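Here are my notes on the model you asked me to look through, written so that you can follow each point with the structure open beside you.

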Amino acid sequence: MSRLIIVSNRVAPISEGGPAAGGLAVGVYDALKETGGMWFGWSGDVLSAPAEGISLEERGPVTFATIGLVRRDYDQYYRGFSNATLWPAFHYRPDLIQFDRHEFEGYCRVNRWLAGKLAPLLKPDDVIWVHDYHLIPFAEALRELGVTNRIGFFLHIPFPASQILLSVPRHRELADALCSFDLLGFQTAPDLRAFCDYIESEANGSIERHADAPCRISAFGKTLKAAAYPIGVYPDEIAALAKDGESGRDVQIVKATLHERKLVMSVDRLDYSKGLVERFRAFERLIEHQPQQRNNVSFLQIAPPTRADMDAYRDIRLQLEAESGRINGRYAELDWTPIRYIHRQYERPVLAALFRESHIGFVTPLRDGMNLVAKEYVSAQDPDDPGVLVLSQFAGAARELTGALIVNPLDIDDMADALATALSMPHGERQARYRDMFESLRENNVSVWRDNFLRDLRQ
Ligand code: ADQ
């Protein structure tokens, strides 16, 4: 079989087979080990002088190829156009979009530069799979260099409705660049529909739709395929991690400090798309309107920093610190703190074990391509005594996890009601909901996602 080449902004730090790597990294790495191939991308280093060359690290049949970025490239390509323009736009936050034409040019320049570094390493029958919004112009850049290999693209974040995309200057160039891929993969059917709508209504393109196969798109003088491929997890592995971690130190500490109180738990990168402030207020509303819940339930929010050098991220952090302080100041008692907010990263086995310990997984992004935390929470539950997932209707995962209590993350009362329902849900109902969701996670695990995408890309 032909080699697989994975291209992503960051190359996942893999400790082979170890539990530290996430499902996505493990799933993709498994495929690389099967066919042999390469994982290519930014090393994460910001350099003061241009990188001399690519760093190549061989691990069996897989080569990890990484390269550093100079400060200007990091600022324009990563911090600028990717994360200050595309990220807010694609998460339906046009109010937060910042646009600078130099950053857009930097974004295109870095894509061309990376493509130029990869091209000499390619073999004629390699299959190339590019990941996420940082690399929209990557296929176009490879094509300009004469690369004719099959190239696919998977978008991990939502694809916005046309009217939102129109607010991104240079949207037409982005759509044109996307059409240089052979296959586009989206997380959900609504994301695919939004892309098709843009193609038909704004780009004068045409779409041939098929019930059980990717649709065929003609636009910008190119033809390509597109479909939805919801990303999954490995639920049985997460369940095993969670069970093994039960007796671990961190879990024991949390248990001891809970004193039999119920635990509501959330884990997110600290990002404004994750709905954290609204979530804190919903927990407040619960204990405000149901005084019997006070001292009876605690909320643990783990939210490690990301993109902390950007204003919008500093703002959300300050807002969250203020809200947790205000709510705790209002309701805490000598022996009870309503909200425990922890601004740091934890190992995956610890998170899995804590998920298993908690009565409610509270996952309420304002927008999310999929949200793997929701899937990890369900996977980690004890089948004999599972917790309840409260999930935003705007997470891609809500389309599959229909056994969750689905909420509107802007409706504080709705979320507080769902928490109350979850806290008193009978054992039989919790089990029935959990079983449905666990089965669906098994049927659509991360291997299925990967294999379906690669099958359609190779065809
Ligand atoms: P993210 O926005 O990062 O991913 P998510 O899908 O929830 O969101 O994935 C986060 C991963 O990081 C999970 O595996 C989670 O366990 C882990 N994580 C989060 N907080 C952590 C912490 N404190 N300590 C350790 N690990 C933590 C993007 C898109 C999503 C999409 C994924 C995959 O925004 O919508 O689901 O890619 O496609």
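This is a predicted model: local features need pLDDT of at least 70, side-chain atom pairs count only at pLDDT 80 or more; totals for chains, interfaces and linings use all residues.

1. The domain assignment divides the chain into domain 1 (4-232 + 446-458) and domain 2 (235-443), and the C-alpha centres of domain 1 and domain 2 lie 30 Å apart.

2. Where the two domains meet, 19 residues of domain 1 are in contact with 19 residues of domain 2. On the side of domain 1 that touches domain 2, helix α2 (residues 71-90) gives the most, with three residues, and by class that side has nine nonpolar, eight polar and two charged residues.

3. The ligand is surrounded by 20 residues, of which the closest are His156, Gly369, Met370, Leu372 and Val373. Helix α13 (residues 372-380) gives the most to this shell, with three residues, and when the shell is sorted by class, 11 of its residues are nonpolar, five are polar and four are charged.

4. Helix α7 (residues 189-202) has 14 residues, and from its first C-alpha to its last it reaches 19 Å, which is close to the 20 Å expected at 1.5 Å a residue. After α7 comes Asn204, whose phi is positive, near 60°.

5. Which residues of α7 are buried? They are Asp191, Leu192, Ala194, Phe195, Cys196, Tyr198 and Ile199, and what covers the buried residues of α7 includes the helices α5 (162-165) and α6 (171-178) together with the strands β7 (183-186), β8 (206-208), β9 (215-219) and β10 (222-228).

6. Strand β15 (residues 388-392) is largely enclosed by the rest of the structure, because five of its five residues are buried. If you follow the side chains along β15, Val388, Val390 and Ser392 point one way while Leu389 and Leu391 point the other way, and all of them are buried.

7. The partner to look for beside β15 is strand β14 (residues 360-363), which is joined to β15 by four bridges and runs parallel to it. Within this pairing, Gly361 stands opposite Leu389 in β15.

8. The C-alpha atoms of Val446 and Ile342, which are 104 residues apart along the chain, are separated by 29 Å.

9. Arg340, by contrast, has its place in strand β13 (residues 339-342) and is partly exposed, because 16 other C-beta atoms lie within 10 Å. Arg340 and Phe299 are 41 residues apart in sequence, yet their C-alpha atoms are 6.1 Å apart in space. Leaving aside its neighbours within four places in sequence, Arg340 is in contact with Ser298 and Leu300.

Key
Residues are numbered from 1 along each chain as its sequence is written. A residue is near a molecule or strand if its C-beta atom, placed from the backbone, lies within 6 Å of it. Helices (H or I, at least four residues) and strands (E, at least two) are DSSP runs, numbered from the N terminus. Ala, Val, Leu, Ile, Met, Phe, Trp, Tyr, Cys and Pro count as nonpolar, Asp, Glu, Lys and Arg as charged, and the others, Gly among them, as polar. The expected span of a helix is 1.5 Å times one less than its number of residues. A residue is buried if 20 or more other C-beta atoms lie within 10 Å of its own, exposed if 12 or fewer, and partly exposed in between; C-beta atoms are placed from the backbone. Two residues are in contact if their C-beta atoms, placed from the backbone, lie within 7 Å. Domain bounds come from an automatic or database domain assignment. Two strands pair if DSSP finds at least two bridges between them.
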